[in-house]
Amino acid sequence: KPMKPNITINSTDIIIENDTVVLTCNTEEKDLRGIQWYFQNNKLILNDRMTLSSNNQTLTIMPVKGEDNGAYQCEVWNPVNASKSDSFNLTVVYGPEQIRILPEPVNDQIEVTFNENLALECQANSEPPAQYTWQVNGSSMSENSGNTYTISQASWEHAGTYTCTAMNNVTNATISTSVTVTVI
Ligand SMILES: *[C@@H]1O[C@H](CO)[C@@H](O)[C@H](O)[C@H]1NC(C)=O
Ligand SMILES: *[C@@H]1O[C@H](CO)[C@@H](O)[C@H](O)[C@H]1NC(C)=O
Ligand SMILES: *[C@@H]1O[C@H](CO)[C@@H](O)[C@H](O)[C@H]1NC(C)=O
Ligand SMILES: *[C@@H]1O[C@H](CO)[C@@H](O)[C@H](O)[C@H]1NC(C)=O
């Protein structure tokens, strides 16, 4: 059986969306007959940003995206047997993007019945996970950080514009969205 290969990346830094990364399958096998890459435990299907070197030893991703995040493995063959590497976890910093507030607004409005509770949930795609803050009618609600803003026992004064801002604390990039809450 070949010795277990291992995967290295040509970067020691944080990897940010749109960087170019090169993953190398390192092997000491002298009688190498083939290399197969895996992503999330399935045979890797190359996307249009990925290229393999002629012997499959290096995988170049240019530019790298958040959807490339996950566990990579490589498997090497000699004439007798095959051996698979441990997982290499690729973490690409990206986002926040695709922000939304739930429950699904209708015409940018969410209704709450007088005296009932409403939990507004903010979601955005990001690596690392986004940090959320809320504004109501343009004023920061510092006590309401976290991705959920709860209105308890809604009264008429709770109506207004609720804005969620998601921040990526590595890149400091932010994205916001607003909904109008109406009390009925
Ligand atoms: C990794 O290799 C690619 C392609 O050669 C290069 O563009 C990139 O700058 C390299 N990254 C680092 C951190 O050396
Ligand atoms: C990566 O490139 C895309 C397309 O050009 C751009 O929209 C995006 O903002 C870039 N991401 C970063 C982190 O620069
Ligand atoms: C950045 O955000 C992540 C995920 O929310 C968190 O685990 C981490 O501690 C934060 N880092 C800093 C420096 O605030
Ligand atoms: C937001 O502004 C509207 C219109 O001025 C007001 O009726 C409402 O009470 C405000 N909501 C909050 C939560 O301050």
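A salt bridge here is a side-chain nitrogen of Lys or Arg within 4 Å of a carboxyl oxygen of Asp or Glu. Before I use that, the ground rules. This is a predicted model, in which local features need pLDDT of at least 70 and side-chain atom pairs count only at pLDDT 80 or more, while totals for chains, interfaces and linings use all residues. Residues are numbered from 1 along each chain as its sequence is written, chains are lettered from A and ligands numbered from 1 in the order in which they are written, and side-chain values use heavy atoms, with hydrogens and water left out.

Salt bridges, then. The whole structure has four. Glu67 forms one with Arg49, with the closest N and O atoms 3.3 Å apart. Glu67 sits in the loop between strands E7 (58-61) and E8 (70-77), and Arg49 in the loop between E5 (42-43) and E6 (50-52), so this pair ties together parts 18 residues apart in sequence. Strands are DSSP runs of at least two residues, numbered from the N terminus. Arg49 also meets Asp68 in a salt bridge, at 2.7 Å from N to O. That links Arg49 to a residue in the loop between E7 and E8, 19 residues apart. Arg49, Glu67 and Asp68 are therefore linked in a network of salt bridges.

On accessibility, buried means under 20% relative accessible area, exposed over 50%, and partly exposed in between, with a 1.4 Å probe and protein chains only. Arg49 is buried at 12%, Asp68 is buried at 2%, and Glu67 is exposed at 61%. Another salt bridge joins Arg33 and Asp31, at 3.1 Å between the closest N and O atoms. There, Arg33 is exposed at 55% and Asp31 is partly exposed at 33%.

Next, the sheet. Four strands form an open sheet in the order E2-E11-E13-E16, with mixed pairing; two strands pair if DSSP finds at least two bridges between them. The edge strands are E2 (15-16) and E16. E2 and E11 (residues 92-102) are parallel over two bridges, and Ile16 stands opposite Val93. E13 (residues 118-127) and E16 are antiparallel over four bridges, and Leu120 has Tyr149 as its bridge partner.

Last, domains. The assignment, automatic or from a database, gives domain 1 (6-90) and domain 2 (94-183). Their C-alpha centres lie 39 Å apart. Across their interface there are zero salt bridges.
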